[in-house]
Amino acid sequence: MTRIVTPSTTSIAEAAALLKAGGLLGLPTETVYGLAADATQGHAVARIFEAKGRPHFNPLIVHVASIEDAQKYGVFDAQGLATLQAFWPGPLSVIVKQTPHNGLSALATAGLDTVALRCPAHPIARAVIAAAGVPLAAPSANISGTLSTTTPQHVAESLGAAVDMILAAGPSNIGLESTVLDLTGDVPAILRRGAISADDISRVIEADVVYDDAPSDTPKSPGQLLRHYAPTCPLRLGATDVRAGEALLGFGPAHFIKIAGGGTLETLGAAYKNLSVTGDLHEAASNLFAHLRALDQPAHTAIAVMDIPRTGLGAAIWDRLSRGAGA
Ligand code: TXA
Ligand code: MG
């Protein structure tokens with residue numbers, strides 16, 4: 001069983017320590033309860049996907065303590081800053097280009113060069129982010145495909161022991177996830193509706209804000225694909241050898257793999273990455289997007305990908321690779 005704890009100076013410090021140790025926290029916010037992890041630790045972010053039983057990796061919202069902190073991770077122009085000043089802290093997430101080398105795990109952002117940032121208004125959420133001193137990736141605290149949770153009891157019922165500790169601060173008063181506003185295009189676009197409307201934002205920035213939230217769950221939808229890193233090199237899945245010109249994405253021990261021209265893993269050099277030499281799926285998930293990016297070079301005819309078990313996080317990794325192979 002998970003622990004449901006009343007917020008206090010002591011329990012908030014404990015929650016912060018838990019997050020820094022790579023744990024998962026049930027975090028009260030004004031919209032819904034979040035399943036929070038340190039967004040800079042790939043392993044911790046991998047645990048979020050595992051706990052939610054997500055069949056694939058979506059980019060997550062990164063929660064920060066202030067506008068100043070948001071600027072460490074994302075690039076804001078005058079219009080973006082005006083938006084934050086008007087609506088933060090509050091139920092608005094904004095998507096912007098990432099700053100270079102900002103330390104965010106590539107799994108948290110699904111390998112994209114953009115990031116969704118939010119500064120929640122809930123005093124307990126704010127206290128935890130400040131105490132942890134790290135940005136927190138936090139999707140809604142529920143099993144994938146089920147309802148978002150708005151009370152600590154619902155978090156415990158949905159996630160059970162998969163969440164290490166829940167800070168119980170009563171029901172979320174908005175009860176609906178934050179508005180997601182994409183600031184990376186020519187016109188600000190709402191990708192997910194929430195408590196803050198296009199009109200609300202339009203009034204502040206004195207410019208048009210559109211809705212771009214037509215359902216797009218099918219892999220064919222270009223909008224959906226744009227939100228994930230898609231490799232340019234073809235992927236060859238379930239590979240047991242490396243052909244001439246190919247790079248190798250390994251999983252587990254790879255020394256037995258046959259390499260064209262009698263080469264070895266050493267001679268592959270930078271054309272070889274291993275998701276996890278020990279076969280650890282958490283490690284594999286946290287390395288997935290960074291390794292794909294590293295191997296996705298025009299010099300390679302394809303990326304040969306070794307087989308990965310389809311269980312637990314492996315299913316999400318496999319889903320991502322299959323989409324990459326199909327694209
Ligand atoms: O109210 C909320 O926002 C809650 C609480 C816990 O703060 N959090 C939440 O997070 O709903 P999450 O991770 O479930 O929502 C992520 C949404 C998804 O619709 C995702 O596609 C979109 O934000 N998103 C995140 N990063 C994105 C990016 N770089 N580009 C496009 N969409 C992005
Ligand atoms: Mg959700």
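How many residues does the hairpin that joins β9 to β10 run through? It takes six to get from β9 to β10. This is a predicted model, where local features need pLDDT of at least 70, side-chain atom pairs count only at pLDDT 80 or more, and totals for chains, interfaces and linings use all residues. Residues are numbered from 1 along each chain as its sequence is written, chains are lettered from A and ligands numbered from 1 in the order in which they are written, and side-chain values use heavy atoms, with hydrogens and water left out.

Overall, the chain has 11 helices and 17 strands (DSSP runs numbered from the N terminus: H or I of at least four residues for helices, E of at least two for strands). Its radius of gyration is 20 Å, close to the 20 Å from the globule rule for 327 residues, so the chain is as compact as a globular protein of that length (the radius is taken over C-alpha atoms, and the rule is 2.2 Å times the number of residues to the power 0.38). Some 53% of the 327 residues count as buried, meaning under 20% relative accessible area with a 1.4 Å probe, protein chains only.

Strands β9 (residues 179-182) and β10 (residues 189-192) run antiparallel and share three bridges; pairing here takes at least two DSSP bridges between two strands. Within this pair, L181 stands opposite I190 in β10. Strand β10 is also joined by two bridges to β11 (residues 210-211), this time running parallel, and A189 stands opposite V210 in β11.

How values were computed:
Buried means under 20% relative accessible area, exposed over 50%, partly exposed in between (1.4 Å probe, protein chains only).
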